[in-house]
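Thanks for coming. Please look at the sequence and the structure on the screen, and I will go through a few parts of the chain.

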Amino acid sequence: MGDDSNELPKNAWDDHAQIYDDNFRRLTTLHATDLIGAILPQIRSAKTILDIGTGTGAFGHAYLSFFPKGIKGQKLILSDLSGGMIQKAKASLGESMQLLHPDFQTKLEFRVEDATDLKNIQDDSVDLVVSVFGVFLVPDQEKVFEAIKRVLVDGGTFATAAWTHLEVKEEGFGVPFHRTFFDAVDLLKEEEEEEEEDDEKKIKIGEDSPLHQWMDPPTIERMLEKDHQFASPTQIYRSVHTITFENALICWNLLFAGSPMVKIGEKDPQKVEKAKRIFLNAMTGGDETVPAFTISASNLVVTHL
């Protein structure tokens, strides 16, 4: 396993790595597993795969479930802006590989990379770029796709999983995870709009944000085929999973308290408390101690240069 740096740069996500790994990686891995199922031929034939926004290694864990011995001659680069996330990914994947197969054939590399430049990745050197709940969070979509197209070989594949809305009326499936998140965010939105324009790297969660745009299949097709000149047709599938958290408060802490996605420390405390009540009520009727059953949906998007 490769690691390009002993001393990793500090990032806002670093302090969130442990709670993410403990609670959210298993959900992300479920969607990563479905994404791999949609691109198995491209994975099997790729010499180099780049994972953007790997977090604590969800794509790597899903990859191991399909290829416990790895693929001879293949390199998988797991990258993230957060050194803390990369450290967690390296530790958990190293342990998993030792348990599964001591002679793992795929060469794994762990790199701290900014998705908007991928400056340590050579031009035309990657056959397949993947991202599970990563690219859709990057505020500057123009730069991230310039970087992706630069590193992809001619005819290379880009595949990603991004949040989407799903309403399920049947009892027992749990509350829609992402709708509940945005219901709470709506209370904080007005205050955010009144703030002075932030730096360009801050994650945006408003209705005109990349996060929302990636929820809508027609918008995705327009972005990829017209705005960024990927080949048509774009393939879009749906991935849906239910997952249980120990309690709703864990979900709140994961998504809001201390998360770089929503900096509640900068918000009005009264609005934060009201948003918290709305979130907890939607998840478990306000009971912070009972298990929280949720349903999570994503768009699985596959396109080619």
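For the angles I am about to quote, an axis is a line fitted to C-alpha atoms, for helices over the stretch in contact, and the angle between the N-to-C directions runs from 0 to 180 degrees. Keep in mind throughout that this is a predicted model.

I will begin with two helix pairs. Two packed helices are described by the angle between their axes and the distance between the axes.

Take helix H10, residues 248–255, and helix H11, residues 269–284: they pack at an angle of about 135 degrees, and their axes are 9 Å apart. That angle makes H10 oblique to H11. The crossing of H10 past H11 is right-handed. On the H10 side, the contact is made by Ala248, Leu249, Cys251, Trp252 and Leu255. On the H11 side, Val272, Ala275, Lys276, Phe279, Leu280, Met283 and Thr284 take part. Sorted by class, the contact of H10 with H11 has ten nonpolar residues, one polar and one charged.

The second pair is helix H2, residues 25–38, with helix H4, residues 58–66. Here the packing angle is about 55 degrees and the axes are 8 Å apart. H2 and H4 are therefore oblique to each other, and their crossing is right-handed. From H2, the residues in the contact are Arg25, Thr28, Thr29, Ala32, Thr33, Ile36 and Gly37. They meet Ala58, Phe59, His61, Ala62, Tyr63, Ser65 and Phe66 of H4. By class, that contact of H2 with H4 has seven nonpolar, six polar and one charged residues.

Now to helix H7, residues 177–194, which holds Thr180. Is Thr180 buried or exposed? Its relative accessibility is 1%, so Thr180 counts as buried. What does Thr180 touch, leaving aside its neighbours within four places in sequence? Its contacts are Val175, Phe279, Ala282 and Met283. Two of those names have come up already: Phe279 and Met283 are among the H11 residues in the contact with H10.

Asp183 is also in H7. At 35% relative accessibility, Asp183 counts as partly exposed. Asp183 and Ala282 are 99 residues apart in sequence, yet their C-alpha atoms are 9.0 Å apart in space.

Next, the strands. Strand E2, residues 48–52, runs parallel to strand E3, and five bridges join them. One of the bridge partners is Lys75 in E3, which pairs with Thr48. Strand E3 covers residues 75–80, and five of its six residues are buried, so E3 is largely enclosed by the rest of the structure.

Last, some backbone details in the loops. Phe133 lies in the loop between strand E5, 126–132, and helix H6, 141–151. Phe133 is not a glycine, but its phi is positive, about 55 degrees. With a relative accessibility of 8%, Phe133 counts as buried.

The loop between H9 and E8 holds Gln229. Gln229 is another residue other than glycine with a positive phi, near 60 degrees. At 53% relative accessibility, Gln229 counts as exposed.

Pro233 lies in the loop between helix H9, 217–227, and strand E8, 235–245. Which kind of peptide bond joins Ser232 and Pro233? That bond is cis, with omega about 0 degrees.

That is what I have for today.

Conventions
Residues are numbered from 1 along each chain as its sequence is written. This is a predicted model: local features need pLDDT of at least 70, side-chain atom pairs count only at pLDDT 80 or more; totals for chains, interfaces and linings use all residues. Side-chain values use heavy atoms; hydrogens and water are left out. Helices (H or I, at least four residues) and strands (E, at least two) are DSSP runs, numbered from the N terminus. Angles under 35 degrees count as roughly parallel, over 145 as roughly antiparallel, 65 to 115 as roughly perpendicular and the rest as oblique. A crossing is left-handed if the near helix is turned anticlockwise from the far one by less than a right angle, and right-handed if clockwise. Contact means heavy atoms within 4.5 Å. Ala, Val, Leu, Ile, Met, Phe, Trp, Tyr, Cys and Pro count as nonpolar, Asp, Glu, Lys and Arg as charged, and the others, Gly among them, as polar. Buried means under 20% relative accessible area, exposed over 50%, partly exposed in between (1.4 Å probe, protein chains only). Two strands pair if DSSP finds at least two bridges between them.
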